[in-house]
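Subject: Structure for you to look at

Hi,

Here is the structure I promised to pass on. Please open it alongside this message and have a look when you get a moment.

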Amino acid sequence: MSDRPLVQLSGISKFFSGARALENVDFSCHSGSIHAVLGENGAGKSTLIKIISGVLRPDTGILNLDGAPMEFANPAEASAAGIVCIFQELSLVPDLTVAENISLATPPRRFGLIDARAQRQRAEELLARIKCEDVDPNAMVRDLSLSRRQMVEIAKALGKNPRLLILDEATSALTSRDVETVYGLLADLKADNVASLFISHRMHEVERLCDTLSVFRNGQHVETFAKGVRSDRDIVRLMIGREVDAHFPPKPVTGKRAPHLVVEQLRWENRLKGASLNVGKGEIVGLGGLDGQGQKELMLALFGVLKGVEGRVAVGSTSGVPGSPAVAKSGRSRIALVPEDRKTEGLMLPMSIADNLLAASYSKVSRGPFIDPALERQAVADGIAKLQIKIGRPEDAVATLSGGNQQKVVIAKWLMTDPELILLNDPTRGIDVGTKQEIYRLMRELADEGRAILFYSTDYAELIGCCDRVAVMYDGAIVTELSGTEINEEAIIAASLNIDATGPLAGASA
Amino acid sequence: MSFSFASLKPEDKPVLIASGFVLVILLVGTVYTMATQGSAPLLSPNYLLQQLQTGSFLGIVAAGMMMVILLGHIDLSIPWTVAAAAMMATTVGGDMALPTGIAVGITVGLVNGLGVAYLRIPSMIFTLGVDSVLRGLMVWHTGGFAPQDQATPIMRFLAADKILGIPVAIFVWVAVSLVIVLILGRTAFGRAVYATGNREGAAYLSGIRTRWVIVGAFVISSVCAAMAGILLAGYSTKAYQGMGNAYLLPAIAAVVIGGTRILGGQGRYAGTVVGVTLIVLLNSVLSIMQMPEAGRQVIYGCVIVGMLLVYGRGNKVVS
């Protein structure tokens with residue numbers, strides 16, 4: 001670690017139409033260091049990295065690079081100076097190939113035209129460096145899974161020879177194997193004297209990787225310290241500014257529950273290969289496993305989105321796979337799905353908070369053929385109050401909310417339909433610690449009211465902390481069900497890799 | 001003015017700008033006539049009512065078109081839906097004239113809607129094809145000549161008569177407008193149109209029957225076009241080839257000038273009414289000024305592009 005910081009901010013402030021995003025921030029990061037930036041959503045982390053990477057310009061303050069003041073007019077200038085950012089929102093062009101995306105800004109040229117062969121070779125080299133040889137450089141990005149796209153994004157960033165690499169929630173969509181690869185990569189970069197800024201909501205990642213931690217809260221830099229100086233509890237307290245008692249609500253001790261959802265031998269194309277599962281009333285069943293093992297398809301099938309699903313499904317007193325989401329949410333089955341991507345599947349971002357809340361339950365606020373404005377207002381107010389969504393006015397666009405509050409809107413929308421079976425597809429991805437805990441509490445409350453909950457998460461800690469049982473998927477089927485004290489990280493990982501399908505792995509579940 | 005602009009909803013701003021521009025057109029036209037003829041015919045109620053009477057045909061077409069544009073789709077089958085409804089109505093004649101015309105609208109709308117929603121053919125292509133098919137069918141039906149059948153008395157009453165000095169066509173336009181406003185604002189279908197237009201995937205996953213929403217919007221569009229066709233035949237006492245050709249592009253322009261996003265999901269019906277008024281008055285002022293046809297087209301095009309530029313400025317991508 002050198003003495004002079006690579007990037008140093010002093011007195012940086014940024015306001016958006018009067019609202020403070022960052023105020024008088026001093027911050028620095030050094031070459032050869034992996035530096036974590038922690039904070040709730042809305043704490044100013046995203047604004048910070050946008051200023052460093054040239055997307056935004058600060059209202060006041062100075063940015064020094066190698067001790068000399070710099071002003072980046074756009075991200076291309078920052079990238080030329082060696083500051084490369086992997087954004088939370090993926091920035092790939094879906095209709096171009098992997099190789100074209102990796103060299104998008106500066107393609108290799110021959111006689112003024114793009115040299116396709118050199119471009120492909122470059123992509124192969126970069127992908128090999130992050131152990132993604134399985135990604136075909138000629139494949140269209142739209143055909144890749146979310147986790148593969150994220151890896152391509154990382155390869156693209158590496159191709160710019162960064163001196164400072166910024167990862168904004170870059171591991172949230174990755175499989176555990178890829179996460180390991182990224183860890184290795186960051187360690188290599190550190191040895192090469194590259195600085196990394198690492199933004200993540202996952203504490204265990206931060207603890208493993210980073211040597212320095214900075215905490216932001218409400219647009220201000222609270223504290224920077226070396227790893228190990230503060231306990232987890234202290235860090236969480238710094239982030240949310242209050243004590244946190246228990247991370248997860250306690251699980252109730254109950255006996256056998258009457259099954260509400262029964263799935264037997266569910267098959268769909270080559271993604272679901274005979275998945276069987278049941279969820280009881282009042283029970284939270286976790287769905288684990290590596291990314292892309294059919295968890296998403298299982299939920300979509302139960303919600304009536306997929307065509308040509310085979311197998312037996314019973315929800316309460318109804319049987320059969322629903323034909324469409326409209327059928328799934330209504331009548332006796334009353335299913336709700338909180339989808340994977342809240343920005344494209346969960347919300348109509350430009351529409352108002354009120355419109356989004358009502359989108360699944362127009363019939364609830366109608367008298368005869370017409371919507372009753374009084375009922376409508378009441379329903380919206382109830383939804384906002386029940387989830388304590390922090391908003392300005394219900395007429396504001398839902399896009400103006402922070403990620404955590406957006407997810408609350410999605411959940412509130414579905415609670416308005418009074419569902420009996422709730423399917424949650426990774427509902428806490430990319431949202432802040434405070435909101436996560438509210439969602440955990442809410443899930444338990446909903447279960448205690450007698451609803452059945454199926455909960456997919458890529459975060460093992462959530463599965464362990466929240467679920468009464470965990471079903472682990474592998475290659476389109478459920479390979480293991482864990483309950484009670486069997487639910488621990490080793491058991492879930494082993495089951496995810498399908499290495500104890502025939503018997504317990506020696507020492508794994510000890 | 002500028003201080004209050006910031007607090008306006010994005011969909012209200014175009015309505016205000018377009019309304020302001022309507023006043024500018026009236027002002028410029030009046031200044032011109034005062035200078036050249038010493039009178040102000042543009043401001044006389046009779047003249048304005050007469051303009052709105054011809055404007056009501058466009059207004060009814062635009063009302064239907066707006067439903068489709070709110071979904072991010074477009075209906076290019078308007079011209080021959082107008083003509084086909086008018087021709088079939090005059091052919092059948094008698095008491096069945098109106099129901100026949102409306103039935104033509106419903107049929108065309110169902111075909112359009114089912115093609116776009118279920119066959120997933122882009123609406124721009126599918127409705128263009130339907131327009132061509134309708135044109136062929138009508139040429140076949142009439143032999144390529146203007147049909148000799150006369151419009152029925154009730155068609156003439158609706159299009160050309162007056163009640164209390166106000167043309168009946170304006171009442172029809174007002175009635176259609178009230179129905180559309182009610183649908184958009186106060187029914188689940190109307191809300192679903194906005195949701196589907198914003199993001200079809202999210203609307204579908206909210207349990208909205210998005211396909212039926214699309215079919216419904218296309219039916220409304222075609223029925224509106226059919227009503228305009230019936231009125232137009234009543235106004236000119238008979239149906240004729242190509243009678244709907246002059247309505248397609250002005251209807252799209254009126255909807256977009258009124259602030260409806262061409263990609264769907266956002267827009268207010270009040271804007272469409274203002275957009276129709278703007279286009280009708282612009283046309284009539286230009287003809288009062290005896291502007292040659294070529295100049296009129298240039299000004300007309302510049303106004304549409306200019307207005308959209310003014311609206312577009314505010315909508316910068318916010319990351």
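Below is what was found in it.

This is a predicted model, in which local features need pLDDT of at least 70 and side-chain atom pairs count only at pLDDT 80 or more, while totals for chains, interfaces and linings use all residues. Residues are numbered from 1 along each chain as its sequence is written, and chains are lettered from A and ligands numbered from 1 in the order in which they are written.

Let me start with how chain A is laid out. It is divided into domain 1 (7-240), domain 2 (246-334 + 419-510) and domain 3 (343-418), with bounds that come from an automatic or database domain assignment. Taken over C-alpha atoms, the centres of domain 1 and domain 3 of chain A are 33 Å apart.

Next, the interface. Counting two residues as in contact if their C-beta atoms, placed from the backbone, lie within 7 Å, 25 residues of chain A are in contact with 20 residues of chain B. On the chain B side, α9 (188-198) and α10 (200-205) are the elements that give two or more residues; helices here are DSSP runs (H or I, at least four residues), numbered from the N terminus. That side divides into eight nonpolar, eight polar and four charged residues. In this scheme Ala, Val, Leu, Ile, Met, Phe, Trp, Tyr, Cys and Pro count as nonpolar, Asp, Glu, Lys and Arg as charged, and the others, Gly among them, as polar.

Then the interior. A nonpolar core is a set of buried Ala, Val, Leu, Ile, Met, Phe, Trp, Tyr and Cys residues joined through C-beta atoms within 7 Å, and buried means that 20 or more other C-beta atoms, placed from the backbone, lie within 10 Å of a residue's own. The largest such core has 183 residues, and L423(A), F455(A), V61(B) and A228(B) are among those with the most contacts inside it. Helix α11 (residues 210-235) of chain B gives the largest share, 18 residues. Domain 2 and domain 3 of chain A each supply at least three residues to this core. Apart from it lies another core, of 64 residues, including L9(A) and L197(A).

V61(B) is worth a click: leaving aside neighbours within four places in sequence, its contacts are I78(B), C224(B), A225(B), A228(B), Y247(B) and A251(B).

Finally, R148(A) is found in helix α5 (residues 146-158) of chain A. R148(A) counts as buried because 23 other C-beta atoms lie within 10 Å.

Best wishes

Definitions and conventions: Buried ≥ 20, exposed ≤ 12 C-beta atoms within 10 Å, placed from the backbone.
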